[in-house]
There are 2 protein chains.
Amino acid sequence: MPDRAVRHFQEELDQLTARLLEMGGLAEDAVQTAVRALVERDPAAVDAVLTGDGPINRLHIDIDRRCFRLLALHQPVAVDLRAIVSAVKINTDLERVGDLAVNIAEAVRRYAGQPPVKDLIDIPRMTDIAQAMLRDALDAFVRRDTALARRVLNQDDTLDALKTQVFRDLLACMLADPSTIQPALDLILISRHLERIGDHATNIAEDVIFMVSARDVRHHAAEADP
Amino acid sequence: MPDRAVRHFQEELDQLTARLLEMGGLAEDAVQTAVRALVERDPAAVDAVLTGDGPINRLHIDIDRRCFRLLALHQPVAVDLRAIVSAVKINTDLERVGDLAVNIAEAVRRYAGQPPVKDLIDIPRMTDIAQAMLRDALDAFVRRDTALARRVLNQDDTLDALKTQVFRDLLACMLADPSTIQPALDLILISRHLERIGDHATNIAEDVIFMVSARDVRHHAAEADP
């Protein structure tokens, strides 16, 4: 590419990255608000999440369009091509995180109509971990930092263990006191939504490693590499 | 592109499509086997799904590589560009369907250690619908058939309604007889995995519509179109 085209490409790529970070911030806020609504039993916060996904959805479409424009007009190769295809995938992951925040808010709304099952300790912890994973994965994308991306991958096991712990605890509650069945079910669903947010952060981290190093770390792909 | 390059591009695109169909067939089989394992209480079928995701994972990596090669070497534009970016996304969706088949098999394994909760009617129905949606979505991709893709989108509401029905029925079972709590929980999780398979088919159908018509039907994007 001539110098001017390179500059123009870089500017558009920077704008795309800024949009992805904006979307990541919105998705993270929605998750935070949904879990705050759970802990504080705050119906206004539930409504805010249920009706507030417009900006994320608009960014989802805008970012996809920008990716297509960059691919079609600049025909990038190597790391630039991988960066844009990664942006397409990250965009999908962030949109799903926004959807999961809505799913959490729906479960919170049902939960709020029931007596509380137990003190909420593990679900806020899961939320903190999932959010940190998401933030770190996007940071790793911006800084092209594979070490940080690998730390995100390691965090996923912690989240998974907490999900299993939450499931066991709530199953015990349900068996001990059947009046907790319905609210405990909602907490189990919420913990699964949080685990899936961690999965999306993991996807992003894997994309970052591929973008930077052209190495596919999914499914231990290295084993199949020549 | 010169004629020869066009032919070469088309050949590679056909190979890519064949791989996606192969992957779709494997993912569909895995879902089918996992639910058959549930209905027939067949531990060998559970094991087959739990240990059988290698081919899907290898195709996932192979298809991604093909997409990058097509983008980098042929620098496609317009519908060809949209077809390849769609293939990247469809590849991700199909890999997740494979993961969901594994998740179903894990729940089936736990369920098999418990007394059965009730006759399984809605879950096999959900399976049939989710599989038909997946097959139709891939068919729509191959034939670039937006009418078929739109039929897939309509099916998603049926699946969603069944999921809600399953949830209500099983909640009633749990409340009526607490000894069903644990197995009923597994059936609820299975129905949610099936619903998510329908979501992936929906994603594919939306990609097909975008690929063919360059119209984004997600989030009622048409409202925001000029």
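These notebook entries record what I looked up in a predicted model.

**Conventions.** I number residues from 1 along each chain as its sequence is written, and chains are lettered from A and ligands numbered from 1 in the order in which they are written. Because the model is predicted, local features need pLDDT of at least 70 and side-chain atom pairs count only at pLDDT 80 or more, while totals for chains, interfaces and linings use all residues.

**Entry 1: chain A overall.** I counted seven helices and zero strands in chain A, taking helices (H or I, at least four residues) and strands (E, at least two) as DSSP runs numbered from the N terminus. The C-alpha atoms of chain A fill a box of roughly 70 × 40 × 20 Å along the principal axes. Of the 226 residues in chain A, 45% are buried (20 or more other C-beta atoms within 10 Å of the residue's own, with C-beta atoms placed from the backbone). Among contacts in chain A with a separation of 6 or more, 81% join residues 24 or more positions apart.

**Entry 2: helix 5 of chain A.** I found that helix 5 (residues 122-143) has 22 residues and reaches 31 Å from its first C-alpha to its last, close to the 32 Å expected (1.5 Å times one less than the number of residues). Its buried residues include A:Met126, A:Ile129, A:Met133, A:Leu134 and A:Phe141. The buried residues of helix 5 pack against helix 1 (3-40), helix 4 (78-112), helix 6 (146-176) and helix 7 (181-213) of chain A. After helix 5 comes A:Arg144, with a positive phi near 50°.

**Entry 3: helices 1 and 3 of chain B.** The axes of helix 1 (residues 3-40) and helix 3 (residues 54-74) of chain B come within 10 Å and cross at roughly 160°; axes are lines fitted to C-alpha atoms, for helices over the stretch in contact, and angles run from 0 to 180 degrees between N-to-C directions. I therefore recorded helix 1 and helix 3 of chain B as roughly antiparallel (angles over 145 degrees). Among the contact residues are B:Phe9, B:Leu13 and B:Leu16 of helix 1 and B:Ile56, B:Leu59 and B:Ile63 of helix 3.

**Entry 4: the two copies.** Chain A can be laid on chain B with an RMSD of 0.0 Å by a turn of 180° and a shift of 0.0 Å along the axis, superposed by least squares on C-alpha atoms of residues with pLDDT of at least 70 in both. I noted this as the relation of a two-fold axis. In chain A, the C-alpha nearest the axis belongs to A:Gln75, 2.8 Å from it. The same surface serves both copies, as 100% of the contact residues of chain A recur in chain B.

Note on methods: Buried ≥ 20, exposed ≤ 12 C-beta atoms within 10 Å, placed from the backbone. Contact = placed C-beta atoms within 7 Å. Parallel < 35°, antiparallel > 145°, perpendicular 65-115°, else oblique.
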